Amino acid sequence: MGLESIVKGIAAAVLAAGMFITSAASEESIEVKVNYKTETKPKKTSYVTGDSTYIRGMSQLDLVPNILFLTNPEEIQVEDVMNDIRDNNINSYQELVQRAGTLSDSQNIALFAAIAGFAEEFNYETSEDELVSQNSFFSALQYSLNTGNERPIGDCVHIHSFIEKLADDLGMESAAISGNRKGKGHLYSLVKLDNGLAVIDYEHILLTNTNNVKKTLEAYQKNIGTASFEHMFLEDGKMKYKLITDDGKHLFDFLDYDPCFKPLKDLLLHGVKEEKGTIITLDKGDYVDSAKLNHNGFFAKIGTVRGSESSPLKHLDLIHFGYAMKSSESDMDSDMTAGLIYGKIHHDLEIDNNDVYGLTISSSMSTNNEQGFSIGGKVAATLIRTADDMLNKEWMIGAVGSYNAKTEAADIKPYVVVQFADFYEVGAEHVKPGLYEAGVGALVKFNKANLSVESYFMHRPWEKEFGADVKIGSKDIGIDLGIYKTVSDYEFCPDKQGITAGLYINSGKKGFTVNYQREEEDYGGDPEETESINAGFFIKF
């Protein structure tokens with residue numbers, strides 16, 4: 001019996017046990033939910049690829065093809081830098097920076113790839129050690145260029161961190177980027193140019209004519225045939241920014257997981273709706289299809305996450321099962337989930353071991369005092385991986401507090417929220433916690449107008465977010481409107497702005513919802529718009 005059959009059997013057993021344990025209830029409802037989501041199809045990004053290889057024995061630089069459009073004298077200038085390192089005419093890292101500073105940006109892209117490609121061949125070793133100094137790396141590189149012998153000093157993390165720091169010392173915006181290569185975790189370099197972006201992966205170069213970082217990284221992953229669900233941006237070995245790819249967002253949609261502050265904040269401000277009985281949920285979308293059966297907390301969900309035409313993900317087939325509980329007591333609301341994940345992933349490039357497994361844990365609780373102070377907290381973790389690569393791994397600890405001030409005209413709830421998460425650092429023996437989000441906001445409910453208004457400000461290490469939401473209506477019918485804007489504090493993070501609009505109708509036994517979202521991401525004057533519509537209905541028996 002294979003692992004897949006065992007996992008499916010466990011999922012069925014968990015659900016059957018839950019139904020048996022809770023079957024003593026005298027009357028149980030059955031609820032059916034059906035949802036459909038359609039969203040903008042992303043456009044493919046055009047790119048060109050080539051290699052920049054230094055051949056030590058021939059003292060020669062090969063650019064095949066010459067996508068950087070270097071003239072023969074310009075190629076020779078790059079070639080001379082490698083030869084001068086080999087011949088001790090460039091004898092320190094500082095001298096390398098000075099010499100490279102005389103080259104154009106395009107020449108330096110060729111130089112970076114030549115250094116990284118040579119280092120992979122002569123200086124590579126698998127390592128979990130912290131980064132070495134630029135001088136130490138240069139010394140190992142020069143030794144191998146000089147002698148033709150190997151001197152291992154690190155793996156892709158160390159090689160491309162060296163390139164990132166070298167580009168930075170030359171005044172070029174750069175980062176070392178985590179990704180996926182042949183189904184395994186990998187690191188490569190990203191450098192910003194005047195007319196686009198360059199990805200450097202050892203001797204390989206990919207060029208785009210856009211500033212859109214997300215589309216450039218997706219284009220590179222598409223080019224090498226394996227999908228990535230998130231990218232960490234490292235500078236000097238420390239994480240500066242985490243980009244969740246479109247495939248990663250669709251995976252979170254399947255898992256009903258949201259890492260931002262809103263679920264914890266909403267639990268405190270609005271409470272939770274208890275879910276009892278049997279709930280059948282069917283979701284159909286452009287990229288995510290799923291069917292979920294929940295019986296008094298015990299749940300099993302099966303589905304598929306598909307990539308777009310511009311993604312190297314063919315499909316990710318998943319089973320998610322476990323226990324979820326939402327409860328609302330007189331003075332406490334809680335929302336807890338624990339689940340196991342199993343599935344199979346299929347990239348454009350098929351890999352030997354495509355099993356996916358993991359777990360999700362989330363526990364949020366808050367007091368719900370009608371007046372005065374209320375507090376809440378959250379602990380959450382996800383771990384999703386294959387045998388050779390971590391698709392997603394993070395933990396979060398959050399806290400929120402509010403004060404409910406009642407007046408004759410309105411209820412006013414100012415609040416503050418903070419969340420901490422793990423921030424990756426090369427060579428760190430322990431998790432490096434850091435402040436992920438911190439913000440303030442206020443909810444105002446007007447008692448006689450069926451109107452509520454909320455505004456907020458949120459700070460993350462790489463951006464600031466401002467937003468406002470308006471709700472007009474009762475519990476039976478109403479509309480929701482929202483607007484938000486982010487301002488980037490990091491060169492590879494986009495500015496974003498968006499609007500949301502929703503309509504809901506609820507008659508108790510049946511209901512209908514429709515939601516619309518439009519977002520614009522702007523990477524330095526290169527904006528991209530996306531839209532989505534989500535419609536659904538439910539019926540209770």
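1. The lining of the second largest pocket draws at least two residues from each of helix H6 (156-169) and strands E4 (174-181), E5 (184-193), E8 (230-235) and E17 (390-406). Helices (H or I, at least four residues) and strands (E, at least two) are DSSP runs, numbered from the N terminus. The model is predicted: local features need pLDDT of at least 70, side-chain atom pairs count only at pLDDT 80 or more, and totals for chains, interfaces and linings use all residues. Residues are numbered from 1 along each chain as its sequence is written, and side-chain values use heavy atoms, with hydrogens and water left out.

2. The volume of the second largest pocket is about 1500 Å³. Of its 45 lining residues, Val157, Gly185, Met232, Met390 and Tyr424 are the closest to the centre. On a 1 Å grid over the protein atoms alone, a pocket is an open set of points with protein on both sides within 12 Å along at least five of seven lines, a cavity is a set where a 1.4 Å probe fits but cannot get out, and lining residues have an atom within 4 Å of a point. Grid points are joined across faces, edges and corners, and a volume is the space filled by probe spheres set on the points.

3. The pocket lining comprises 16 nonpolar, 12 polar and 17 charged residues. Here Ala, Val, Leu, Ile, Met, Phe, Trp, Tyr, Cys and Pro count as nonpolar, Asp, Glu, Lys and Arg as charged, and the others, Gly among them, as polar.

4. Among the lining residues are Lys214, His231, Asp246 and Pro312. The lining of this cavity divides into 3 nonpolar, 5 polar and 4 charged residues.

5. The axes (lines fitted to C-alpha atoms, for helices over the stretch in contact, with angles from 0 to 180 degrees between N-to-C directions) of H4 (residues 105-122) and H5 come within 10 Å and cross at roughly 75°. H4 and H5 are therefore roughly perpendicular (65 to 115 degrees) to each other. The residues of this contact (heavy atoms within 4.5 Å) divide into 7 nonpolar, 1 polar and no charged.

6. Asn149 lies in the loop between H5 (134-147) and H6 and touches Phe122, Tyr143 and Ser144, leaving aside residues up to four places away in sequence.

Key: Parallel < 35°, antiparallel > 145°, perpendicular 65-115°, else oblique.
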